[in-house]
Amino acid sequence: MKFFIVEGISDVSSLSEEEFQTLRQAHSAYLAKAFEDGRILFSGPKVGGGGGFTIFKAESEEAAKEFFQGDPFFLAGVETYTPREFKISRCQPTVEDWFQA
């Protein structure tokens with residue numbers, strides 16, 4: 001298993017508030033699937049907006065890219081995602097299991 005810090009960069013200025021809220025709900029539901037199956041450790045928006053960060057695990061960088069290319073924000077053309085692979089050298093005991101699986 002490989003581990004990634006995935007940065008999302010977004011520009012939602014072309015969306016109405018209603019369009020944004022609809023996409024945000026769909027985005028949250030999409031990520032929920034990966035939380036449920038254990039692929040996401042955590043995710044959240046950047047302070048000040050403009051995207052977010054996700055700690056994600058996948059078999060390959062291609063698999064990580066494929067997942068994020070199915071995200072509703074990506075499909076709407078308002079967010080891009082860049083996975084950056086990293087190796088674990090140390091972590092808090094409370095999350096060790098996630099990195100072992």
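Mentor: Start with a term: two strands count as paired if DSSP finds at least two bridges between them. Also keep in mind that this is a predicted model.

Trainee: Okay. In what order do the strands of the sheet come?
Mentor: The order is β2-β3-β1-β4, four strands in an open sheet with antiparallel pairing.

Trainee: And which are the edge strands?
Mentor: β2 (40–45) and β4 (79–86), each of which pairs on one side only. On average, neighbouring strands of the sheet are turned by 20° against each other, direction ignored.

Trainee: What holds strands together in general?
Mentor: Backbone hydrogen bonds pair them, either parallel or antiparallel.

Trainee: How many bridges are there between β1 and β4?
Mentor: Eight, in the antiparallel sense. For example, V6 has P83 in β4 as its bridge partner, and E7 has T82 in β4.

Trainee: What about β1 and β3, how many bridges there?
Mentor: Eight bridges join that antiparallel pair. One to look up is I9, whose bridge partner in β3 is G51.

Trainee: Now the helices. Which strands does α1 touch?
Mentor: α1 packs on the sheet and touches β2, β3 and β4. The direction of α1 makes about 160° with that of β2.

Trainee: And α2, which strands does that touch?
Mentor: β1, β3 and β4; α2 packs on the sheet too, with its direction at about 135° to that of β3.

Trainee: Switching to the inside. How many residues are in the largest nonpolar core?
Mentor: It has 15 residues, and those with the most contacts inside it are V6, L31, F56, F67 and F68. Two or more residues come from each of β1 (2–10), α1 (17–36), β3 (51–58) and α2 (61–68).

Trainee: Which element gives the largest share of this core?
Mentor: α1, with four residues.

Trainee: Let me click on F67. What is it in contact with?
Mentor: Leaving aside neighbours within four places in sequence, F67 is in contact with Y30, L31, A34, R39 and F56.

Conventions: Residues are numbered from 1 along each chain as its sequence is written. This is a predicted model: local features need pLDDT of at least 70, side-chain atom pairs count only at pLDDT 80 or more; totals for chains, interfaces and linings use all residues. Side-chain values use heavy atoms; hydrogens and water are left out. A nonpolar core is a set of buried Ala, Val, Leu, Ile, Met, Phe, Trp, Tyr and Cys residues joined through side-chain atoms within 4.5 Å. Buried means under 20% relative accessible area, exposed over 50%, partly exposed in between (1.4 Å probe, protein chains only). Contact means heavy atoms within 4.5 Å. Axes are lines fitted to C-alpha atoms, for helices over the stretch in contact, and angles run from 0 to 180 degrees between N-to-C directions.
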